[in-house]
Amino acid sequence: MQMAEKRLEIHCNRKMFVQGCMVIVIGLFLPAFVTVYRFDVYGTLKRAMDLNSGEQLLIGALKLVVINIVRAVPNYLGVFLLNESIQVYLFGKRRFIFNAVFTVTFIMELYRIIDWGYGIRYDFGVPALLIVGFVLFLSYIDLFSINMINKLLIVFSLLLSIQWLDVVTFLGKYGFGRGDASMDVKIAAAVAGNESLLNLFALCMFAAFLFASLMQVQILYKEHKLKVSNEKTRQVEKELYNAQIQALKMRNYSEVQSLVHDLKTPLTTIQGLISLVELMESEGSVHEYFEKISDSLSAMNMMISEILY
């Protein structure tokens with residue numbers, strides 16, 4: 001049993017784990033309120049086809065992308081937090097393969113639960129795999145010092161980038177945009193004769209938000225490294241300060257000990273001289289004074305010995 005514990009270790013950040021679970025629960029309830037019908041996506045697409053309007057087509061595509069993002073952000077952010085909260089170590093080394101398997105399995109199960117509960121089919125295709133890969137990358141570089149708001153912005157901007165690929169018409173054969181609503185947007189673009197406009201707009205949005213996501217990750221990674229470096233510097237400074245205080249205490253103790261030890265030399269000399277004078281003095285009262293002085297010197301000598309001890 002002890003050997004098994006040494007081979008396999010699981011480290012868990014309870015606070016982050018609870019946060020991840022709460023975010024995922026929110027994600028499970030959002031599809032009940034954020035739907036393509038509530039935001040009139042199909043009404044917008046119908047107007048685009050009736051009027052051959054590129055503007056209405058782009059508005060419909062934008063509505064769909066926003067809906068998908070709002071529903072997906074809690075799922076991926078929750079998995080991101082769970083990945084950061086649970087770290088598996090095997091033979092003293094972190095094994096990230098466990099996080100990868102957990103992430104893919106968890107996302108697929110979430111999609112099944114949403115399909116079972118709401119009848120909304122989420123396609124686990126290339127966009128989902130790209131997002132999962134990005135989430136795993138963020139977990140791998142271990143941005144534990146970055147606050148929740150920045151983590152939310154990273155996931156949101158990434159989703160905003162990749163979700164636009166779902167409405168690019170020629171990417172369907174590569175596994176993009178296989179959901180029902182995404183297919184309907186592409187059909188509406190073909191009927192309205194605005195496929196080129198939709199593709200150009202979607203690719204521009206993809207490139208812009210992908211660039212913003214990468215820049216954001218780079219900035220936050222540098223901020224994270226700076227915080228870690230500053231924390232290590234503060235720790236070293238604290239240890240150095242404690243060492244200096246300890247050295248100063250030892251120095252003071254050594255100096256006091258040396259000073260007290262030096263006090264014994266004149267006391268010994270005085271005691272010897274008093275003993276000599278007592279032998280030379282015959283008057284009784286003077287002998288009595290010498291005895292008192294000798295007793296006081298002996299008491300002082302004992303106190304000095306106690307201090308040294």
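**Views of a predicted protein chain**

**View 1. Order of the elements in the chain.** From the N terminus on, the elements of the protein chain follow the order α-β-α-α-α-β-β-α-α-α-α-α-α, where helices (H or I, at least four residues) and strands (E, at least two) are DSSP runs numbered from the N terminus. The radius of gyration, taken over C-alpha atoms, is 39 Å, well over the 19 Å that the globule rule gives for 309 residues, so the chain is more spread out than a compact globule; that rule is 2.2 Å times the number of residues to the power 0.38. This is a predicted model, in which local features need pLDDT of at least 70, side-chain atom pairs count only at pLDDT 80 or more, and totals for chains, interfaces and linings use all residues. Residues are numbered from 1 along each chain as its sequence is written, and side-chain values use heavy atoms, with hydrogens and water left out.

**View 2. The loop that holds Asp-40.** Asp-40 lies in the loop between α2 (14-29) and α3 (41-51), and its phi is near 55°, a positive value in a residue other than glycine. With a relative accessible area of 34%, Asp-40 is partly exposed, a class between buried (under 20%) and exposed (over 50%), using a 1.4 Å probe and protein chains only.

**View 3. The loop that holds Asn-52.** Asn-52 is placed in the loop between α3 and α4 (54-85), and although it is not a glycine, it has a positive phi of about 50°. Most residues other than glycine have a negative phi. Asn-52 counts as partly exposed, at 49% relative accessibility.
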